[in-house]
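Visitor: Please show me how to read a structure like this one. I would like to start with charges.

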Amino acid sequence: MNILSAENLSKSYSEKTLFENITFGIDDNEKIGLIGVNGTGKSTLLKTLVGIESLDEGKVVTGRDVKIQYLSQNPDFDSESTVLEQIFKGDSKEMKLIREYELIIQKLEKEYDNVKLQDRLTKLNSDMDSFDAWKMESEAKSILTKLGIRDFESKMGILSGGQRKRVALAAALIQPSDLLILDEPTNHIDDTLIEWLEDYLNNRKGALLMITHDRYFLDRVTNRILELDQGGLYSYIGNYSLYLEKKAEREQEVINKELKRRNIFRNELEWIRRGARARSTKQKARIDRFEQLKEQKVDLRQQNMDITVGSRRLGKKIIDIHNVSKSFGSNTVLKDFDYTVLRDDRVGIIGANGIGKSTLLNMIDGRLTPDNGSIDIGETVVIGYYSQENLEMDESLKVIEYIKEVAEYITAGDNYKITASQMLERFLFTKEMQYTFINRLSGGEKRRLYLLRVLMQNPNVLLLDEPTNDLDVQTLTILEEYIENFKGVVITVSHDRYFLDKICDKLFVFMGNGEVKQFTGNYTNYIKINTNVMDSNEENVKVNNTEKENTKSNYKQRERAPKFSYKEKIEYEEIDGKIEKVEDKISKVEEEIGKGGSDFVRLQELTEEKEKLESKLMELMDRWEYLNELAERIMSSNRI
């Protein structure tokens with residue numbers, strides 16, 4: 001069933017046309033990936049669908065009562081709101097109900113004997129049951145915990161940018177919606193969380209439209225690809241792998257048509273040159289066709305041409321890392337780490353967020369100093385460092401001026417000189433764009449330009465810190481081709497599994513507490529051999545244990561002596577009765593199923609009802625287990 005129709009949409013900024021007269025629809029069972037070069041208008045298209053930005057032309061029509069939930073690439077937040085308050089900011093009845101419930105609970109913990117608050121809580125309990133809001137509240141806390149947010153009372157203003165993005169992602173996931181629209185949901189989450197998000201979205205009911213550069217993610221979640229290219233929109237049924245095949249077929253078809261057009265054009269040009277005269281209607285029509293053929297010219301130059309760039313010579317000594325340790329306060333990120341960098345090394349660095357991966361790159365580049373040990377750099381080494389932080393640009397410069405500040409040209413492997421302009425074209429900056437001021441570029445275009453500036457330094461050692469963040473799929477493909485031809489060392493921090501598989505043959509796995517394991521092979525090989533290796537990380541074990549406790553309790557664990565909150569005390573007193581009632585309902589439904597006979601419609605309804613009741617019973621049993629464990633801890637604490 002169609003839930004959204006976009007008809008003849010057009011949008012421009014001054015002289016730049018983002019998209020023109022594009023039309024498409026979204027069905028309720030579709031999971032769509034939107035891709036395209038940075039700056040082509042992908043995020044703008046999403047904003048027009050949800051009404052944040054206006055259209056120049058066209059209209060967006062949604063089905064009756066269709067709910068849309070949108071995650072922006074840069075979400076807004078209230079710095080004074082707690083995590084839970086931010087999560088439940090939606091306008092749905094469920095969200096308003098949960099907000100009031102949380103507020104009453106907080107007040108009752110301070111005013112335990114307030115009769116009015118107790119009466120209101122009783123009414124809210126009934127309303128929460130009616131709207132099945134308990135499940136939503138539980139799911140919100142579970143998702144937050146999965147995403148590494150465990151202090152639900154933290155103020156949004158003190159969280160890091162990545163943490164705030166994860167809170168916004170959780171809010172988008174738990175809000176009831178028929179169409180979920182996500183702009184770069186995999187940014188700021190590591191590969192373990194990306195795999196969890198894959199499973200979540202695959203099991204979620206309803207339509208999905210998302211922008212992401214993660215190609216494995218696209219492959220495993222989507223069943224349709226929309227590509228925004230030069231103002232037009234192209235639709236491909238299937239996942240990312242099928243898209244690549246069908247796009248290649250489409251591009252070959254364009255090439256064949258253009259070659260045929262050129263042959264016809266040459267013949268018509270010869271006829272024109274022989275002195276054709278428009279004396280008859282037939283001759284005039286032929287001349288008109290010639291003019292049309294001339295206007296239909298298509299540029300067949302490949303945007304991502306072969307890049308075989310020469311690099312500076314590397315001597316025998318490259319980089320020796322000996323017995324290096326590094327701590328920040330009580331947090332040890334590296335301990336007695338040794339490695340000798342080899343010529344043509346392709347090393348990927350993986351591990352949980354905040355575990356110290358970027359610290360290693362910063363020490364190699366000299367931005368940080370080891371606490372112990374040494375990092376010796378060879379005399380011939382020239383490092384090019386693409387950092388995910390501190391992107392500083394003089395935005396008053398034009399694109400080509402910014403690149404020429406580093407070099408006018410670089411030398412290819414056969415001593416052929418590639419100019420700054422040619423390199424810009426290979427990185428998808430047209431000649432027109434090269435004379436655009438940097439302040440007019442999109443965020444993704446700036447990252448692409450920054451990447452090219454690093455490469456124009458003609459380094460022989462590349463350090464790449466999360467290069468796939470905010471770069472489009474086409475740019476990543478070009479970067480991968482560049483690295484394949486790069487005659488030097490590449491060391492990269494990345495959570496992009498496709499990128500790691502494509503370029504790396506060795507991994508540094510940060511395990512926590514300063515331990516780093518070295519693995520020979522790509523990311524997929526590592527996962528196959530070490531399916532549960534990340535669980536051996538002591539820090540992750542603590543996190544997993546905390547997650548289990550939070551999932552059971554749906555309440556922040558307190559460091560002080562255990563005690564029931566007001567809500568938990570009421571639940572503890574009522575939980576046995578609730579379980580008994582649900583078990584009775586299941587028994588009655590089973591009896592009805594036994595009497596159902598050949599009424600298959602009724603049997604289907606009863607079976608679905610039984611499944612819902614059994615799911616509710618499992619939730620109650622988990623809750624019963626937690627409450628009784630807490631009661632035992634309270635009794636033990638009192639005896640002490």
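Guide: A salt bridge is a side-chain nitrogen of Lys or Arg within 4 Å of a carboxyl oxygen of Asp or Glu. This is a predicted model, where local features need pLDDT of at least 70, side-chain atom pairs count only at pLDDT 80 or more, and totals for chains, interfaces and linings use all residues. Residues are numbered from 1 along each chain as its sequence is written, and side-chain values use heavy atoms, with hydrogens and water left out.

Visitor: How many salt bridges does a search of the whole structure find?

Guide: The search finds 22. In one of them, Glu445 pairs with Lys16, with the closest N and O atoms 3.6 Å apart. This pair links distant parts of the chain, 429 residues apart: Glu445 is in helix 14 and Lys16 in strand 2. Helices (H or I, at least four residues) and strands (E, at least two) are DSSP runs, numbered from the N terminus.

Visitor: Is Glu445 buried or exposed?

Guide: Buried means under 20% relative accessible area, exposed over 50%, and partly exposed in between (1.4 Å probe, protein chains only). Glu445 has 2%, so it is buried. Lys16 has 33%, so it is partly exposed.
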